[in-house]
Amino acid sequence: MKSIVFIFIIVFIIGCGSSENLVSVRQTQNDSPVILRIRKDRTSIHSLLYPIAFEFKKNGNREIYYFENSYFAKNENICPGTAGCYLRVSDKDKYLTCSYKKFDGTIKYVIDKNDTIKEFMSVYYKKMINENKDTIHVSLKEFNNHCKYIIDNFFEGDSIYLHFHDHKRWIDVPLKVSFN
């Protein structure tokens, strides 16, 4: 009977210890430009790719790799579904190390049906038409200064679930995305 109680206690302690912090994540600056793309019929800007970056590291000896993410926009009309954020690592090795590894990416917003955003984008739309361009790159600093209202009212409050795996189980890390 004592051995059964002892085994129960050991299993309980090990089971409770499984909530360890396996991955550390921090959002970092990505100074890539904001990319604006025009609609095929050239009547407005269709989409906006906003640069984002995270750094990940593992907190132990396990092999852990970044798999994908699920992105949840506060405003679902401009970021449909959960496929709006794409992250990639420059060396194409998604395995985490004990030091931070940077993953750069973009968040895709579909903006052609939002009149408020279209109004803010009119300066860039006119430039695209005048220069006969399908795509335009706007510096992140310029975009953040010119479109602060859009960021504060349409982007801020988005969240992301980062999905990692250690060949045995999923490790999900939820985060609120910051645009400041």
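Start by selecting Lys-118 and Asp-115, whose side chains meet in a salt bridge with an N to O distance of 4.0 Å. Keep in mind as you look around that this is a predicted model. Both residues sit in helix 2, 3 residues apart, or about one turn of the helix. Color by accessibility and you'll see Asp-115 come out as exposed at 60%, while Lys-118 is partly exposed at 32%. While you're on salt bridges, pick Arg-39, Asp-41 and Asp-112: shared partners join them into one network.

Next, select Asp-134 and Arg-42. They form a salt bridge too, with the closest N and O atoms 2.7 Å apart. Asp-134 is in the loop between helix 2 (115-130) and strand 7 (135-138), and Arg-42 is in the loop between strand 2 (34-38) and strand 3, so this pair ties together parts 92 residues apart in sequence.

Now hop over to Arg-62 and Asp-166, where the closest N and O atoms of the salt bridge are 3.3 Å apart. Arg-62 belongs to the loop between strand 3 and strand 4 (65-72), Asp-166 to the loop between strand 8 (159-165) and strand 9 (170-176), so here the parts tied together are 104 residues apart in sequence. Asp-166 is buried at 9% relative accessibility, whereas Arg-62 is partly exposed at 33%. The whole structure has 12 salt bridges.

Last stop: the largest nonpolar core, with 46 residues, where Tyr-109, Met-121, Phe-155 and Phe-164 touch the most other members. Strand 3 (residues 45-58) gives the most to this core, 6 residues. Zoom in on Tyr-109 and show its contacts, among them His-46, Leu-48, Tyr-71, Phe-155 and Phe-179.

Terms used. Residues are numbered from 1 along each chain as its sequence is written. This is a predicted model: local features need pLDDT of at least 70, side-chain atom pairs count only at pLDDT 80 or more; totals for chains, interfaces and linings use all residues. Side-chain values use heavy atoms; hydrogens and water are left out. A nonpolar core is a set of buried Ala, Val, Leu, Ile, Met, Phe, Trp, Tyr and Cys residues joined through side-chain atoms within 4.5 Å. Buried means under 20% relative accessible area, exposed over 50%, partly exposed in between (1.4 Å probe, protein chains only). Helices (H or I, at least four residues) and strands (E, at least two) are DSSP runs, numbered from the N terminus. Contact means heavy atoms within 4.5 Å. Lists of a residue's contacts leave out its neighbours within four places in sequence.
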